Amino acid sequence: MLSIEKVDSYYGDFQALRDVNLEVNEGKIVALLGPNAAGKTTLLSTISGMVPYRKGNITFQGQHINAMNPEDIVSLGIALVPEGRRLFGTLTVLENLEMGAYSKHARKDLQKNLEKMFDLFPILKERSSQQAGSLSGGEQQMCAIARGLMTEPRLLMIDEMSLGLSPVLVQEMFKMVTEIAKSGVTIFLVEQQVNHALRVADEAYIMEKGTVVLHGPSSEIANDDYVKTVYLGK
Amino acid sequence: MELIVQVCVSGLLLGGIYALISIGLNLIFGVVRIINFAHGEMVMVAMYLTFWLNYFFGMDPYVSTLIVLPVMFLFGVIIQRIIVQPIQNSSANMKIFATVALSLILQNVALIVCKGNFRTVQVSYGMGTMEWGGIFISIPRLVAFFAALLSISLLYYFLKNTYTGKALRAIVEDHTIARLMGVKVQKLYLLAFGIGCAFSALGGVLLMPFSSVYPTVGIPFTLIAFIVVVLGGLGSMGGTFLAGLFIGVVEAVGGTYVSPALKEAIYFGIFIIAILIRPQGIFGKGKGSEEVGLK
Ligand SMILES: Nc1ncnc2c1ncn2[C@@H]1O[C@H](COP(=O)(O)OP(=O)(O)O)[C@@H](O)[C@H]1O
Ligand SMILES: [Mg+2]
């Protein structure tokens with residue numbers, strides 16, 4: 001579905017990604033793990049069209065998305081739930097969800113999708129006329145995911161979903177993610193919660209210093225000696 | 001006693017125009033992330049257009065809004081497209097340079113085309129007043145105030161209740177994420193610049209029945225709008241509105257009781273005091289202040 005071949009990305013002169021190869025298959029949950037500053041967020045930003053890449057290829061459902069704008073990439077069906085939520089804080093919850101449905105194809109299903117989101121996250125219905133900035137951390141994360149889903153994605157990329165959430169909430173959010181995946185949306189998950197991520201994901205990639213160092217089915221990755229010592233602390 | 005009320009009322013009415021012009025500046029700042037130092041020149045150009053429409057066709061200033069506002073909206077769109085868009089990602093200094101240059105060019109063109117003379121339009125209601133409880137209220141100033149109030153309310157409604165308006169607010173919050181949602185930000189930058197200029201232009205048209213136009217008439221408006229936006233809060237329409245009224249009253253009171261020559265010094269004084277009281281800078285909360293060189 002999404003294939004990344006030999007991608008290099010830069011911030012000015014600083015090379016943040018080198019020779020990244022990665023594949024996300026339709027219908028799967030794929031996890032991208034790795035330490036801080038490994039380049040995970042940069043990879044998601046590159047896919048979304050926010051960080052230009054100088055080398056390599058990114059294709060989505062067979063179509064090259066090199067040199068496309070973020071606003072066009074989202075209408076192809078790639079949504080990003082950004083690190084730190086980044087809701088529109090002074091807009092209401094409802095307005096945030098409406099912004100998710102901004103592109104033409106999503107706008108015509110606005111009402112239907114709003115109902116779906118309120119079914120999936122009932123708390124958002126309660127809070128719908130509240131400013132998004134006034135929500136609790138967990139509610140904000142739900143709102144950010146719902147906003148992403150409002151774009152009607154085929155592929156949903158979620159960056160550091162569990163950051164700053166309580167263990168109970170993290171558990172709940174991961175359950176949500178599997179549910180969203182079951183509804184037919186492919187999931188690409190960036191996580192620091194390696195344990196949880198490996199449990200829900202079908203496949204996992206480990207990224208270090210701007211490149212992929214390990215990749216395989218989650219069960220294999222979870223049993224890898226290197227991963228066990230470095231990431232799982234066993 | 002009556003004099004102070006009288007002075008405050010006329011200051012308040014003028015403050016409505018300041019609020020109108022400042023909200024235009026604030027919209028451009030919030031959405032496009034540029035301080036339009038040529039904002040006062042939009043007032044000036046609109047005043048000249050109003051003058052000419054009256055001079056050549058005998059058109060009433062209020063009727064001329066039907067022509068002046070669309071023209072100035074378009075002018076704003078063109079400025080954004082041709083001058084601002086190409087330097088959108090340049091340094092803050094570059095952006096300041098560009099709009100200051102635009103302001104000087106417009107002043108000089110006005111000087112060449114229109115000469116330095118003061119121009120006024122003669123309308124029957126220009127000196128008209130009405131009395132209300134011993135207070136005399138200038139009719140064109142009253143009209144200006146309510147027209148400003150109406151336009152600001154319409155903009156508020158637009159930003160709150162339409163899809164495009166909400167997208168503009170989303171851009172003010174976070175333009176990168178707005179793009180991620182599919183918002184075509186470049187188009188909305190054009191729209192915001194157009195609306196901002198049209199607001200400034202409306203201020204100019206409304207001033208015309210009771211004041212005169214000359215090439216440098218816009219300079220104080222840029223400064224006033226800048227102060228009002230800073231006092232009222234970047235991105236805050238309500239705050240900008242109140243700050244506009246406040247500066248209008250301060251100017252009137254200062255001009256009457258201190259010295260007309262000092263009225264500008266007075267609101268600059270307030271500006272400096274306000275910044276001193278909040279040493280972190282009034283811009284502390286303003287999103288994007290770095291991008292325009294305010295931090
Ligand atoms: N906007 C930016 N400008 C310059 N360098 C950046 C920027 N964002 C991230 N970086 C650098 O790129 C590298 C990868 O960062 P990031 O993708 O955020 O890592 P991760 O998400 O894995 O923690 C880091 O060294 C970081 O300092
Ligand atoms: Mg990150």
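Predicted model: local features only at pLDDT ≥ 70, side-chain atom pairs only at ≥ 80, totals over all residues.
View 1. On its own, ligand 1 would expose 560 Å², and the protein buries 61% of that.

**View 2. The shell around ligand 1.** Look for Tyr11(A), Phe14(A), Pro35(A) and Lys40(A), which are among the residues around the ligand. Sorted by class, the shell has 6 nonpolar, 4 polar and 1 charged residues. Helix 1 of chain A gives the largest share, 3 residues. Strand 2 (14-24) of chain A supplies at least two as well.

**View 3. The open sheet of chain A.** Here 6 strands line up in the order 6-7-8-3-9-10, with mixed pairing. Strand 6 (78-81) and strand 10 (211-217) are at the edges with a single partner strand each, so one side of each has no neighbour in the sheet. From one strand to the next, the twist averages 15°.

**View 4. Strand 6 meets strand 7 in chain A.** These two strands run parallel and are joined by 4 bridges. Pick out Ile78(A), whose bridge partner in strand 7 is Leu155(A).

**View 5. Helices on the sheet of chain A.** Helix 1 packs on the sheet, touching strands 3, 6, 7, 8 and 9, and its direction makes about 145° with that of strand 7. Helix 8 (residues 167-182) lies across strands 3, 7 and 8, running at about 155° to strand 8.

Key: Residues numbered from 1 in each chain as written. Chains lettered and ligands numbered in written order. Heavy atoms only, no water. Near = heavy atom within 4 Å. Areas by Shrake-Rupley, 256 points an atom, 1.4 Å probe, with all protein chains shown as cover. Nonpolar A, V, L, I, M, F, W, Y, C, P; charged D, E, K, R; others polar. Pairing = 2+ DSSP bridges. Axes fitted to C-alpha atoms, helices over the stretch in contact; angles between N-to-C directions. Contact = heavy atoms within 4.5 Å.
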